[in-house]
Amino acid sequence: MEPPIVLQASNDYRDQFDGYAKFRSARIIKVAGEKSDLNRITRAYRNWYEWQGGAGKRLVATELKKRLEEEFGAPEEGKFFKGILVFDDEETLEIYLNEHR
């Protein structure tokens, strides 16, 4: 097992260059009892990618689903990821966070 400082450095490096990690940090939050549909997550990812100006490699739907499964587990009924909410834009995320403090 890697020392915590090495893991943190690896995570920081990945987050800097990993489009999925950037999307996840910007538009997905963990919320117990909630779930998000894969189609909605894919749409939010596309919107985020375009908003970013298309920088970096764009994930295709199968790659996005694989990354989501790695982090959140297999989706219910093949399409619902439990314990997360996805937001189409930063404004909607901020409103949600302010309402649920």
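Student: Is D37 buried or exposed, and what is the nearest side chain of opposite charge?
Tutor: D37 is buried but has no salt bridge, and the nearest side chain of opposite charge is K79, 4.5 Å away. Buried means under 20% relative accessible area, with exposed over 50% and partly exposed in between (1.4 Å probe, protein chains only). A salt bridge needs a side-chain nitrogen of Lys or Arg within 4 Å of a carboxyl oxygen of Asp or Glu. Lys and Arg count as positive, Asp and Glu as negative, while His and the chain ends are not counted.

Student: What kind of model is this?
Tutor: This is a predicted model, where local features need pLDDT of at least 70 and side-chain atom pairs count only at pLDDT 80 or more, while totals for chains, interfaces and linings use all residues. Residues are numbered from 1 along each chain as its sequence is written, and side-chain values use heavy atoms, leaving out hydrogens and water.

Student: Back to D37: where is it, and what does it touch?
Tutor: D37 is in strand β1, residues 28-37. Strands (E, at least two residues) and helices (H or I, at least four) are DSSP runs, numbered from the N terminus. Not counting residues up to four places away in sequence, D37 touches K79 and F80; contact means heavy atoms within 4.5 Å.

Student: F80, you say. Which charge lies over the face of F80?
Tutor: K35 does, at 4.7 Å from the ring centre. The rule is NZ of Lys or CZ of Arg within 6 Å of the ring centre and within 35 degrees of the ring normal. R27 likewise lies over the face of W51, at 5.3 Å from the ring centre.

Student: New topic: which residues touch the most other members of the largest nonpolar core?
Tutor: F23, I41 and L68, out of 17 residues. Such a core is a set of buried Ala, Val, Leu, Ile, Met, Phe, Trp, Tyr and Cys residues joined through side-chain atoms within 4.5 Å.

Student: And which element gives the most to this core?
Tutor: That's α3, with six residues.

Student: How many aromatic pairs are there?
Tutor: Five. Rings of Phe, Tyr and Trp (its six-membered ring) pair if their centres lie within 6.5 Å; planes under 30 degrees apart are stacked, over 60 edge-to-face and the rest tilted. One of the pairs is F23 with Y45, edge-to-face at 5.3 Å centre to centre and 90° between the planes.

Student: What does that pair tie together?
Tutor: F23 is in helix α2 and Y45 in helix α3, so the pair ties together parts 22 residues apart in sequence.
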